[in-house]
Amino acid sequence: MPTILDKLRKVALRLLQALPTVFGILVVCFLLTRALPGDPAAYFAGQMADAESIEEVRRTLGLDKPLPMQFVTYVGDLIQGDLGMAISTGQPVMSELASRLPASLELTLGALLLSFLIAVPLGVLAATRPNTWVDHTCRFLVTAGVSLPTFFTGLALMYVFYYLLGWAPAPMGRLDMMYLPPEQVTGFLTIDAIIAGEWEVLGAALAQLALPLITLALFTLAPIARMTRAAMLQTLGSDFVRTARAAGLSGRRVLVTYALRNALLPVVTTLGMVFSFVLGANVLVEKVFAWPGIGSFAVEALVVSDYAAVQGFVLSMALLFVTLNLLIDVIYTLIDPRVGEEA
């Protein structure tokens, strides 16, 4: 059995392995943003600017230098915590990302949690009751979640629950204009409202969060439920489960202690891939529901060829992805004691 020191050493090794990945993403992002159509210097100088003014702005932004020098300058500023100025808003990119990131994380993590709480029990029931209505329901949800684009699901939910039934509030951001946001502690409106004890604000925030959360949850539910069902079917047919049943153990103990614990290993690994899918789908959902997250900020930056904003967005997404995968590796190590053993 690996010791705690062995596991900490493995986590440190994972951190070192993530550094080249982040650097490679930074290089690719830097080169791709330079290939965007449009001239940010002309946009920043204004529509009435002449060629001389545009060149002056280009020199001020450092866009007249060779690409290697621009990259070295960008990395140097990045080490100091400076991601540059966002042309689209006129504010530092770091402050824009810091103010918008909690909105995106609240939506993304909430959708992952909701889909996990639904998909795992649904996958387990489908595996233990094959070819029943539960199994058919699981297959239907998996097919629908994979087939329907997130923007279509969001528009359909909006049309039904907001336009036809009037049950949902207007899809205009995180909080209705009738309510004042609570004092910011975490940046998550729901958590901040609970901390402040403002229950009406909490209800209003949950109402605004419901439709985009369900939209993303339907998208993420499909792969988790499918993997849970497949892993449970494989585990239930394994030798150690048959041995446990032959030993006279109760069906519930065999299911939870032996089958489910081993089936969760590939499910936990799938969460990392699902999170990367959500990062892409989150951009569309934020635009559909006017959600003030970093996804909508990135779309606005792409329209005006805002290099600094796009680079900051991609870098923050890369760091989130690497951090979550590291967290999943740690959880995998805790679940499966074989991980981390010396060969």
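## Nonpolar cores

The largest nonpolar core holds 70 residues. L107, L216, I224 and M232 have the most contacts inside it. A nonpolar core here is a set of buried Ala, Val, Leu, Ile, Met, Phe, Trp, Tyr and Cys residues joined through side-chain atoms within 4.5 Å. A second, separate core has seven residues, including L189, V201, L202 and A205. In soluble globular proteins, nonpolar side chains tend to be buried together.

M232 touches V124, A127, L255, A259, L260 and A263, leaving out residues up to four places away in sequence. Contact means heavy atoms within 4.5 Å.

## Basis of the model

This is a predicted model: local features need pLDDT of at least 70, side-chain atom pairs count only at pLDDT 80 or more, and totals for chains, interfaces and linings use all residues. Residues are numbered from 1 along each chain as its sequence is written, and side-chain values use heavy atoms, with hydrogens and water left out.

## Overall fold

The protein chain has 13 helices and zero strands. Helices (H or I, at least four residues) and strands (E, at least two) are DSSP runs, numbered from the N terminus.

Of the 343 residues, 41% count as buried. Buried means under 20% relative accessible area, exposed over 50%, and partly exposed in between (1.4 Å probe, protein chains only). Take the contacts in the chain with a separation of 6 or more: residues 24 or more positions apart account for 72% of them. The accessible surface comes to about 18800 Å². Carbon and sulfur atoms own 68% of that surface. The areas come from the Shrake-Rupley method with a 1.4 Å probe; for residues, only the protein chains shown count as cover.

## The second largest pocket

The second largest pocket contains about 310 Å³ of space. Its lining has 16 residues, with L78, L83, L315, S316 and L319 nearest the centre. Helix 1 (4-34), helix 4 (67-79), helix 5 (93-128) and helix 13 (307-335) each give two or more residues to this lining. Helix 13 gives the largest share, six residues. By class, the lining has 13 nonpolar, three polar and no charged residues.

Terms: a pocket is an open set of points on a 1 Å grid over the protein atoms alone, where a 1.4 Å probe fits, with protein on both sides within 12 Å along at least five of seven lines. Lining residues have an atom within 4 Å of a point. Grid points are joined across faces, edges and corners, and the volume is the space filled by probe spheres set on the points. Ala, Val, Leu, Ile, Met, Phe, Trp, Tyr, Cys and Pro count as nonpolar, Asp, Glu, Lys and Arg as charged, and the others, Gly among them, as polar.

## V254 in helix 11

V254 sits in helix 11. V254 counts as buried because its relative accessibility is 2%. Beyond its neighbours within four places in sequence, V254 is in contact with V241, A244, R245, L249 and A259. R242 is 12 residues from V254 in sequence, and their C-alpha atoms are 9.2 Å apart.

## Loop residues

W167 lies in the loop between helix 7 (150-164) and helix 8 (189-196). At 66% relative accessibility, W167 is exposed. Its C-alpha is 9.2 Å from that of A207, 40 residues away along the chain.

N131 is not a glycine, yet has a positive phi of about 60°. N131 lies in the loop between helix 5 and helix 6 (133-147) and is exposed, at 58% relative accessible area. A290, also not a glycine, has a positive phi of about 50°. The loop between helix 11 (251-288) and helix 12 (294-303) holds A290, which is partly exposed at 35%.
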